[in-house]
Amino acid sequence: MTKHPVNLKVNGDEHDLLIEPRKTLLAVLRDTIGLTGTKEGCSTGDCGACTVIVDGKAVTSCMVLGVTVSGKEITTIEGLASDGELHPIQQAFIDTGGYQCGFCTPGFIMASKVLVDENPNRTEEEFRHALGGNICRCTGYTKILEAVIQAAEEIRTAS
Amino acid sequence: MSEYSVVGQKLPRVDAVEKVTGAAQYGADVHPPGMLYGKIVRSKHPHANILSIDTSEAEKLPGVRAIITQDDVPSGRRVFATHKVLYLGEPLAAIAATDPDIAEEAAELIKIEYEILPSVQDVTESIKSSAPRLHGDETKDGPNRRSINAKIKELSSDQENNSAEIRKLEVELEKYTDEVYYNISAETHTEAGDVEKGFEECDVVVEDTYVIPRVHQTYMEPHVSVASADSSGKITVWASTQGPFAIRSGIAGTLGIPLTQINVIGTTMGGGFGGRFGVIITHVPAVLLSQKSGRPVRVQMTREEEFLDGRPAPGCVIKLKTGATKEGHILARQALAFWDSGSVSGASIGSTIRVRGVYKIPNIKVDAYGVHTNKSGTAAYRAPGAPQAIFAGESQLDEIAERIGMDPVEFRLMNMREEGDSVPAGGTEPKVGYKETLEAVANAAGWWEREADENQGWGVAVGDWTNGCGPGGVYVSVHEDGSVRIFHGSMDITGTDTAITQIIAEILTVPYQSVTIRRGDTDSAPYSTGSGGSVVTFTMGNTAKLAAEDAHRRILELAAERLNTDQDNLELKDGAVHVVTADPPKSISLGELAAYSLSTTGGPIVGKGSFARQPSTPALAAQIAKVEVDPDTGRTRVLKLVASQDVGFAINPMAVEGQIEGGVVQGYAWAMMEEMQYNENGNVNPGFVDYRVPTSADLPTVESVIVEVPAPNGPYGAKGVGEPPITPTLATMANAVKDAIGIRVSELPIKPEKVVEALKNNGHGA
């Protein structure tokens, strides 16, 4: 299959790659670039484990072809902490026990980051509905919600 | 104020940073150089004869490096189907290719000729003589035929004198032709007391049939295995599994390879819930493909494959009968259960006895059968079999309470067993916290003051479970900076490594942060039981305690030597050994002792813990839900969900709450949403669009209440906490819906359409 040149900006690093048009962004991130923090839970865009941020929006990377995001800014879970400091959302997931097996966690953290960046003033109920695109099978969501609310609170007071 | 400083604390987990930064390595993240991608070729029909498998076209596709079928299994053990497939998605072949898309293309090029056979999906159909047979024509007797045949057998010893009686019984037998069961995979029968007599003494007897669907554990990480066979024959397997040692022996047994030639490396587990012990599912195909291709191979299931060929929890049909006096004493209970074991034997038929619950029921009889259907086999799912049996038992209890006009909580409290009471068909009760736990949830939920508007209702149920126990080994060593290292072989199952670390930090009186824990592979670590059955904190906690105590002994020995005093004068406290009799105070830090130890005859501080078995203590989970049912749409909204659990002792309360909350939501989903659906073509909802699992939008916050009645043999009194919380939720929800709409739904899940239908049939609405 013919490969196409793409330029992916992932976590600030530029990658000039030749990829087949059938490869998803998820496959490119994991298999080509080697960033395996983003997880594959369903391959159909239903579970949110593969959520990454593309130009400020949360996308399920299993539903995006790699060739369509050339030149866009992509952030994955590996790019969230800066200078060895965890992002407040990452810290909140630790503090509240907002993860168990951890497989859905990268996706939840990336989705939460976009929600909190967009509007940290959401109510618990609003966060509850806004996170409905991500599935967690371990926590029952109680502590994930606590984490997101804690992070939103921190980001609100910091800004 | 707790007498402990590390155990009992809400501490962040030891794997916190790797889990929130994406650094944790799961099975699919393993990528050895030269790795190929595996793909399993699966049956497109649920029941068919295989006429031919032609791999020639697939072999020609560039990038394909190996194709295997059952012919490539030297031991002959069934890995792939050959002549007949028994379920949709059953493996027939496997491919390894240089790219996952090429492997998928190759799978499409394998030509399989089928002769389609009629299939059976329902246990009540499968037992009939009209049903297609999966394995043969052998039959088993139902309960009445069993007892009649037993009498005939007894009388046959004196055929001559008993011939008339025998003939009478043979005529009687004819009445029960519908009790000749086909497609039976297993059976179990338990009896205590005399149920017939018991029912005669009852004022109220209720009978109903409960139908519980097959559901998938739906761990978020699909099964995956990376296998690498080197030229010497040594096999390395990176496995997403709950039990690396079980996988090692499973591969050895299936392929006839010595244990010493197999090393299993357990990768961080993306959820298991009992469903991650299977050997054939991905591990064996990965090994065979690596052996044939000479390259490492990753076999990773898609979510669709998980639904078709995972090993989900069995569905079942339970016919249950319960009787009580008008004063509220339960006197008898009888169950006849058919468990859907799929194409193989198994299913949790032994759990049917759990219909006894935690009650003093003097007369009980249980007949349970595993029934073959054209579906994949089943496996454990969080307290295997208990949610199903307890759903039936606790639903029916509410019906009895209603008939005799008793409050459901009071009715349960009145019948609950206490220490020393005999357990129906099973020993006597140790010290348990049944009543405390139920009272705790009733108080926390506001049960006694409960109010309900129109279409609202409250439900309560309890479920019991006893953690398992198994072998484990732990090493602990103290280093010259005073840090402590733990080495062991058990898979972390959502927080167990943290519990082990807390226990060792507690005993060695060092800061939690100075202790690190490392899991070895099966080549290096001491043998450890699999991480299932709520065993880990109980087993590895005890093991860790023994290891730390062993290190503690060596520490005092060294300190006595170094400080020139008797061990009796010494105390380990705050990471240093102190001479209690010294004035001015005299002490030596653990780091100094560890450094000193390096030049002693006895050597470094290494503690060893090894443990296998101690009696466990039952734990109760009690839950209350308040719901509101919309009579027009049939939708049930949860207004309140409160869960209490006797955990013995919460080593990390944050982790324990997490287990309760997660278990309750899984139970909620089983009650209200989840169901693997089948028709004559096999499973019809193999994905998250049609098999809905709950999201954060479906439920309110679960309130958890921790009750601590210590287990005599648990580490610090801890009981296994993972499984109990799912056990009562199915019934809790059904009882709440009943209270809201006045109609008992005894067939799960309680989907909106079912509620609308039930309301219509009872004269509600249009």
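## Where chain B meets chain A

Two residues count as in contact if their C-beta atoms, placed from the backbone, lie within 7 Å. By that rule, 41 residues of chain B are in contact with 45 residues of chain A. This is a predicted model, where local features need pLDDT of at least 70, side-chain atom pairs count only at pLDDT 80 or more, and totals for chains, interfaces and linings use all residues. Residues are numbered from 1 along each chain as its sequence is written, with chains lettered from A and ligands numbered from 1 in the order in which they are written.

On the chain B side, the elements giving two or more residues are α1 (16-21) and α17 (653-672) of chain B; helices (H or I, at least four residues) and strands (E, at least two) are DSSP runs, numbered from the N terminus. The largest share, seven residues, comes from α17(B).

## A three-stranded sheet in chain B

Over in chain B, β22-β23-β24 is the strand order of an open antiparallel sheet. Pairing here takes at least two DSSP bridges between two strands. β22 (570-573) and β24 (587-589) of chain B sit at the edges, each pairing on one side only. Neighbouring strands are turned by 20° against each other on average, direction ignored.

β22(B) and β23 (576-579) of chain B share four bridges, and B:Glu571 has B:His578 in β23(B) as its bridge partner.

## Helices on the sheet

Helix α15 (536-563) of chain B packs on the sheet and touches β22, β23 and β24 of chain B, its direction making about 125° with that of β22(B). Helix α16 (590-597) of chain B also packs there, touching β23 and β24 of chain B, at about 75° to the direction of β24(B). Axes are lines fitted to C-alpha atoms, for helices over the stretch in contact, with angles from 0 to 180 degrees between N-to-C directions.
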